[in-house]
Amino acid sequence: MQQIINFLIRNKHSLLFLLLLLLSFVFTIQSHSYHKSKFVSSTNFLSGGMYTWQNSISDYFNLKSENKRLLEENERLYNQLSALGVDSVTVQKIDTSSFNAPYTFTKARVIKNDYSKIDNYILINKGENDSIQPDMGVITDKGIVGIIENTSKNYSRVISILNSNSRINAGLKKSNQYGSLVWNGKDPNIVQLETVPRQAELTEGDTIITHGRSTIFPRGIGIGTILNYNLDESKSYYEIDVKLFNDMTNIGFVYTIKNRDLEEIKSIEAPTNE
Amino acid sequence: MNKEVVANIGRFVILILVQVLVLNHVNFMGYLNPYIYIIFILLAPININKSLFLLISFILGLTIDMFGDSGGVHAAASLVIAFFRPIALRSVFGLSYEFQTVKLSNISFGEKLGYVILMVLTHHIVLFSLEIFNFSHILLIAKKTLFSSLFTIVITMLVLVLFRRNDS
């Protein structure tokens, strides 16, 4: 017994080192597995508040490009409205409470955005108080950004599409073939679409959209265009490089998507999983 | 003594703020960021309590992780260089470290550079191995470690030379 205690006292620095190292490895491994990295996250009030403060200053430098983007978005929405034959007077009469859309969009501001690492996260300034929940989709006017992963009272962390853990269903606009969208960690403007069956007819420049096969994103949200493609080793699937519509290095405002039918869909799906 | 403690606490806070608010957003050439918060570990008093030093280094890294959403990679890397700092000091300064006569504020440029290179390289190898966490990407790890280390070493040397205290 005496010897054990002596051993512990003699090696207390090494033991403390090993203990802390083990702890940091646990955090690291958790951060590499989807939906588990909850302990060390920037959604707490300290880092969230700090990034909000920093963002309130740096926002001024992006006002011009933000304005331009909003104007472009408005222009496009007006064009869509007139194409549908609705003028702005009748639209104003529609109340959102009577308007039974399956998806509701909430705006949020990006207060931290990473794109230079392998596992990138985005922090937004809306949280549980604004009824943001994990597994909601996040988009901009141009295309998808990621999925809400972790929420606190006032902040949420978004797992960016530029994250090695991110897997999103996506497919071709012109046909029904689909695959999963992943990122190889190299270029923040190019993501990869995998497991698209070889029967699909591809041409460079084809549009890739979300496919509505999950409950997260509605069908038809833009992702990017095909940059190039080739068959994988098994010769039965395509590997496609997709050039994103979004500039992931410059995201100011985003929209979160809440699926109103989520509960209903889940309740139908649940018994089949058992 | 008290002055030294205050100086170290101030350095701890300032380095974290500079790191997370400015240097994490540099992204030079797309992905390069200098990680100069380890200056705190480099400049910590040589006769500091070892357990306390390990614990502070771990908290320093974990704070950076919290701001950067990187799990525990900075905590692990900081912990490793804090643990191996005596070895680095001994190999660079030799006998003068053994007799506790070396002062980090007044050593020659060459010795300082050797010490910084040794510590930064160790830190970055651990950091990027854990961050990428995939040995099929070993070339990417090597590339990131090499270029980031160069960047960090240059910035660290600049900071050490510019903010040197002239109290000797």
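Start in chain A: the bridge partner of L172(A) in β9(A) is I208(A). That pair belongs to a set of three bridges between strand β6 (residues 168-172) of chain A and strand β9 (residues 207-210) of chain A, and the two run antiparallel. Keep in mind while you look around that this is a predicted model. Its scores are ipTM 0.85 and pTM 0.83.

Put together, six strands of chain A close into a barrel, in the order β6-β7-β8-β11-β10-β9, with antiparallel pairing. From one strand to the next, the twist averages 40 degrees.

**The other barrel**

Chain A has another six-strand barrel, ordered β1-β2-β5-β4-β3-β12, and its pairing is antiparallel too. In this one the twist averages 45 degrees from one strand to the next. Seven bridges hold strand β1 (residues 103-113) of chain A to strand β12 (residues 253-259) of chain A in an antiparallel pair. Within that pair, K107(A) has Y255(A) of β12(A) as its bridge partner. There is a helix on this sheet as well: α3 (residues 45-58) of chain A packs against it, touching β1 and β2 (119-124) of chain A. The helix direction makes about 85 degrees with that of β1(A).

Here are the strand pairs of chain A side by side:

| Strand pair | Bridges | Example pair |
|---|---|---|
| β6(A) and β9(A) | three bridges | L172(A) and I208(A) |
| β1(A) and β12(A) | seven bridges | K107(A) and Y255(A) |

**Where chain B meets chain A**

Now for the other chain. In all, 26 residues of chain B are in contact with 24 residues of chain A. On the chain B side, α3 (50-68), α4 (73-93) and α6 (109-132) each put in at least two residues. The top contributor is α3(B), with eight residues. Sorted by class, this side of chain B has 15 nonpolar, seven polar and four charged residues.

How far can you trust chain B? Its mean pLDDT is 87, and 92% of its residues reach 70 or more. Among the elements of chain B, α3(B) has the highest mean pLDDT (92), while helix α5 (residues 95-98) has the lowest (70).

**The nonpolar cores**

The largest nonpolar core has 43 residues, and Y37(B), I38(B), A76(B) and L79(B) touch the most other members. With ten residues, α4(B) gives the most. Take a look at Y37(B): beyond its neighbours within four places in sequence, Y37(B) is in contact with L15(B), I16(B), Q19(B), L60(B) and I64(B). A second, separate core has 42 residues, including V145(A), I159(A), L162(A) and I209(A).

Key. Residues numbered from 1 in each chain as written. Chains lettered and ligands numbered in written order. Predicted model: local features only at pLDDT ≥ 70, side-chain atom pairs only at ≥ 80, totals over all residues. Contact = placed C-beta atoms within 7 Å. Helix = DSSP H or I, 4+ residues; strand = E, 2+ residues; numbered from the N terminus. Nonpolar A, V, L, I, M, F, W, Y, C, P; charged D, E, K, R; others polar. pLDDT = per-residue confidence, 0-100. Pairing = 2+ DSSP bridges. Axes fitted to C-alpha atoms, helices over the stretch in contact; angles between N-to-C directions. Core = buried A, V, L, I, M, F, W, Y, C linked by C-beta atoms within 7 Å. Buried ≥ 20, exposed ≤ 12 C-beta atoms within 10 Å, placed from the backbone.
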